[in-house]
Amino acid sequence: MRKNSIKNTRVNEEVLRRLSEIIHGSIKDPRIHPMTSVVSVEVAPDLKTCKAYVSVLGDEQAQKDTLAGLRSAEGYIRRALAQSANLRHTPQITFIMDQSIAYGVNMSHLIDQINQKNQYKEESGSGSGDEVQKDDA
């Protein structure tokens, strides 16, 4: 089975959905932040290993605690995945912190700040043409 095969894509989607359900519905560990989401899942073609990319909306300490809680619950999560998903082998899950959502929010915030500054400059009518020529140079 190739890595980009249709079967592998379906398995990735199913494992992603099941992991999200298990993390939000079954795990009672207080270290796991309530705003935890599974961003993506990469199951190996032989179905032996799985990388689960997890994002936590919170500070750095909440991210560390959530990752520690998920790693301590790997056995329970794997057993729950085996019961809910019909797979030949239940993969060994490795949780990896994904910063892409936080990065995207930060970039969006920076773009909004730049747009506000440009809008303020246009509204204030910065006046002389010298400033425009300085920007072009």
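**View 1. Packing of helix 1 against helix 3 in the predicted model.** Helix 1, spanning residues 6-25, packs against helix 3, spanning residues 74-84, with an angle of about 125° between them and their axes 10 Å apart. The crossing in which helix 1 passes helix 3 is right-handed.

**View 2. Residues at the contact of helix 1 with helix 3.** On the side of helix 1, the contact is made by Val15, Arg18, Leu19 and Ile22, while helix 3 contributes Ile77, Ala80, Leu81 and Ser84. Sorted by class, six of these residues are nonpolar, one is polar and one is charged.

**View 3. The buried face of helix 3.** Ile77, Ala80 and Leu81 are the buried residues of helix 3. When the helix is seen down its axis, these buried residues fall within an arc of 105°, so they line one face of helix 3. The elements that cover them include helix 1, helix 2 (60-72) and strand 3 (92-97).

**View 4. The setting of these helices in the whole protein.** The secondary structure comes to five helices and three strands, and from the N terminus on the elements run in the order α-β-β-α-α-β-α-α. Of the 137 residues in the protein, 29% are buried. Among contacts with a separation of 6 or more, 60% are accounted for by residues 24 or more positions apart.

Terms used: Residues numbered from 1 in each chain as written. Predicted model: local features only at pLDDT ≥ 70, side-chain atom pairs only at ≥ 80, totals over all residues. Heavy atoms only, no water. Axes fitted to C-alpha atoms, helices over the stretch in contact; angles between N-to-C directions. Helix = DSSP H or I, 4+ residues; strand = E, 2+ residues; numbered from the N terminus. Left-handed = near helix turned anticlockwise from the far one by under 90°. Contact = heavy atoms within 4.5 Å. Nonpolar A, V, L, I, M, F, W, Y, C, P; charged D, E, K, R; others polar. Buried < 20%, exposed > 50% of the residue type's maximum accessible area, 1.4 Å probe, protein only. Arc of directions from axis to C-beta.
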